[in-house]
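Please keep the sequence and the model in view while reading.

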Amino acid sequence: MHDLPIPRPDPIATPGDIGLILFLLYLTFFLHIVIMNGMLGSLFLATVSELLSRLVGDGSSRTRHEHLAEKLGHIIPFMISLTVTFGIAPLLFVQGLYGQFFYTSSVLMAWVWLSVILLIIIGYYGVYLYTRGFERYRNRRYVFLTVSLVMFAVVAFIYVNNLTLMQTPQKWLDIYTRTGGSGWHWNIDEATLLPRYLHFTLSAVAVAGLFVVVLGLRARHADEATATFMMRWGAWWFLAASVLQTGVGIWFFYSIPEHLRAIFWSEEGAARTIFVSAHVLFVAGAAFVLLAAFRKPSPFFAWTGIAATLAGIAMKIINRDQLRQAYLRDADWTVEQVRTQPQTDVITIFFVVLLLGSGVLVWAIRKYRREVKSS
Amino acid sequence: MSDFPVWSVGGVGHGWLIGIIATIHVYISHFAIGGGLYLAVTEWISVKQNDEKTLEYLRGHSNFFMLLTTVVGALTGVGIWFVVGNTNPAAISSLIHNFMFFWAIEWVVFLVEIAIAFFYYYSWGRVSRRFHLQLAWLYFGIAFLSLVVINGILTFMLTPGQWVETRNIWDGFFNPSYWPSLCSRFVIMMTIAGVFAIVTSSRIKDDDHRHRMLHYSAKWLMPSFFLLPFVMYWYFTTLPEQVAQLLENGIATIGSGNLSVLTRLLLLISILSVTIYVVSLLGPYRNPRNFTFGFSLAILVLGLVVTGATESVREMVRKPYVVYGYLYSNGLLKEAAKDSTARGVIAHNPWISEKSITPGNRKVVGEKIFRMQCQACHTKSGYRSLKDLAHGWDRAFIFRRLTNLQVTNIMPPFMGDDDERWALAEYLGDLVEAPPLPPDSASQPVLSHTPQP
């Protein structure tokens with residue numbers, strides 16, 4: 001047995017099967033990460049367009065960038081809200097399975113971790129200031145957007161810090177002794193930190209690129225020129241981020257200790273199949289999106305490409321957890337050790353509420369659309 | 001036994017850190033529910049009376065409502081989760097393990113609540129009045145449902161009731177103070193909705209309309225004025241005997257001049273609450289013409305102070321527990337206290353590398369025990385400073401005091417053997433600059449300690 005300072009599991013059993021909680025963790029984290037990618041990437045693209053609209057280009061190009069920045073600016077607050085809300089559920093389920101790891105790493109970087117709340121509030125209001133002061137602060141509004149972008153980029157960095165620290169308990173005691181529990185630790189000596197962060201942020205730019213493609217698709221009937229601009233602009237960013245991602249992905253892969261990344265070529269378990277499938281889906285997705293944007297402006301190609309990319313992200317999320325489990329096996333811990341005592345009645349109520357909640361949202365969306373259209 | 005590391009926050013202390021975030025969140029989240037009712041009722045009346053001016057006011061008010069509740073309200077809620085996870089991971093772990101799927105239900109409800117809030121605000125003037133009103137009532141219904149869920153978890157901490165014996169989750173959820181707490185929070189929410197509405201009403205440009213809305217909004221404070229004493233009495237009757245005793249002592253000592261912190265807080269809550277009611281009655285209700293935005297902000301701030309003081313009382317009466325009768329406020333299980341005197345604690349704590357006490361490491365170990373057992377509530381020289389609390393005590397007295405902490409009824413017992421108790425006494429003795437023990441003192445501790453398996 002190791003001498004690592006891993007807290008003992010909670011005396012109260014986890015109230016659901018491991019398989020169910022892992023499923024819910026993957027599902028909700030998938031929704032969180034896709035929306036977060038869309039939000040952070042859109043914030044980046046909006047900032048780029050806002051700066052371009054005042055720095056370069058002829059009149060029509062400026063107007064298009066200004067229009068895109070404004071359009072994204074109006075959508076981003078909803079994305080922030082959904083990112084935060086969809087972030088709550090995976091954080092809940094991760095604590096049911098990996099609680100003693102997650103709490104410990106959070107305590108070791110407590111001030112840093114807690115600052116996330118303030119940074120998000122500043123970033124959130126920054127976007128509102130941008131959109132609501134679009135005309136009033138015409139010459140200075142880029143500041144709001146840039147500040148928001150920096151806030152959310154730092155938040156993402158803090159998350160990567162905590163989630164890498166939670167899976168390396170070998171480092172904890174030294175950090176605690178060195179910092180005296182001050183809560184100011186940054187996990188910057190972690191080899192995977194930077195490539196992992198870039199992996200996520202580049203993914204954000206790629207997903208936002210896809211989102212701009214979708215906005216272009218939806219604008220086709222209203223304004224052909226703007227739609228073509230959006231589809232191509234989005235696809236360019238998707239392509240650029242994907243090309244860079246190839247390099248960063250390789251860097252990330254080789255920064256993982258060899259015996260841990262071995263799960264991705266081991267014949268045991270499903271990690272290799274999922275890993276390979278994810279990359280096949282990414283390549284296929286990229287091909288369809290580029291075809292739709294530059295060769296044949298077909299919604300079918302665009303949506304096929306987007307669906308393939310999203311399926312690839314879903315597989316990567318499973319891979320991510322498999323890697324986390326591999327890290328924790330190094331600390332003689334496996335998820336099978338989690339003691340469970342399912343609260344079947346409460347779980348049933350949860351699914352009923354989930355169904356009812358989804359029904360209410362579908363009702364509200366449909367009725368809202370119908371009423372807005374008829375008005 | 002808590003195996004988690006301890007975050008040293010300095011002079012602020014864990015209590016203040018949680019308190020600041022919790023107070024802001026509680027105030028805004030209560031507004032998120034009560035304010036939902038205010039919007040629905042006021043819009044319903046305005047639609048019936050075809051009152052365009054008030055509908056226009058509600059549009060602006062709902063903008064403020066949405067910007068405040070979906071950003072600061074929502075994020076400070078996550079903030080409480082983060083800060084408690086950092087300051088008392090054992091407590092949050094207990095709640096998550098017990099109530100994981102209740103939290104999951106709360107999450108679904110919250111998701112729908114936020115979405116409907118957006119629909120409500122962004123559909124002003126774009127959909128039929130009937131549908132807009134439906135959205136208002138739907139929002140309030142869902143927001144209230146979020147209270148129904150979270151109230152079970154919040155009240156569980158102070159009154160877990162039969163759960164301590166049965167470990168049945170429904171005993172914990174529908175615990176003794178569930179219903180009175182639900183009622184009192186609902187009544188308070190209407191007050192907070194009124195307070196925020198007074199603030200936005202005071203900004204209305206049209207004089208007559210401003211006066212009318214101030215008068216109307218002030219009425220929202222009245223239900224709590226009449227109902228709260230009864231609801232609070234009901235709540236009081238469901239509290240554990242020890243807690244009720246603590247509150248009774250607090251109230252009984254008001255006249256004696258020897259005021260405990262609890263008594264002072266109860267006085268503060270009473271005086272400020274009455275002030276809010278009186279100012280609202282004499283100002284926006286009776287004399288809206290002379291009532292200004294500045295006054296409305298003063299009421300808002302007073303409300304925030306009352307919320308903070310009430311939250312402090314709720315935290316204070318729960319001492320020495322964080323989950324009453326199960327988990328102490330320093331994250332140590334009540335169960336673990338039983339055999340800690342014989343077994344010692346440092347041998348089993350992964351964050352204390354010294355596994356035996358020697359003259360050389362004694363004070364270092366003492367400091368680590370301080371972090372583990374005291375720092376959840378105390379600081380060295382800031383909030384609830386031990387430097388002040390133990391001022392003038394000698395080391396032998398500190399040792400004896402550590403032996404009987406639990407008799408105060410507000411502190412957990414010291415956990416550890418005599419050597420560990422001495423290590424902490426020596427550390428605290430240094431902190432208060434107590435003279436060293438004489439070498440031939442009868443109370444000089446044994447300096448070698450062999451951990452038992």
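## Terms and source

Two residues are in contact if their C-beta atoms, placed from the backbone, lie within 7 Å. The model is predicted: local features need pLDDT of at least 70, side-chain atom pairs count only at pLDDT 80 or more, and totals for chains, interfaces and linings use all residues. Residues are numbered from 1 along each chain as its sequence is written, while chains are lettered from A and ligands numbered from 1 in the order in which they are written.

## Confidence

The predictor's confidence in each residue is pLDDT, which runs from 0 to 100. For chain B the mean pLDDT is 92, with 96% of its residues at 70 or more. Residues 446–453 of chain B, however, have pLDDT under 50. For the model, ipTM is 0.95 and pTM is 0.94.

## The contact between the chains

Chain A contributes 55 residues to the contact and chain B contributes 52 residues. On the side of chain A that touches chain B, α2(A) gives the most, with 15 residues. Helices here are DSSP runs of H or I with at least four residues, and strands are runs of E with at least two, numbered from the N terminus.

## The nonpolar core

A nonpolar core is a set of buried Ala, Val, Leu, Ile, Met, Phe, Trp, Tyr and Cys residues joined through C-beta atoms within 7 Å; buried means that 20 or more other C-beta atoms lie within 10 Å of a residue's own, exposed means 12 or fewer, and partly exposed lies in between. The largest such core has 222 residues, and B:Tyr139 is among those with the most contacts inside it. Helix α3 of chain B (residues 89–122) gives the most to this core, with 24 residues.

Beyond its neighbours within four places in sequence, B:Tyr139 is in contact with B:Gly36, B:Glu113, B:Ile116, B:Ala117 and B:Tyr120.
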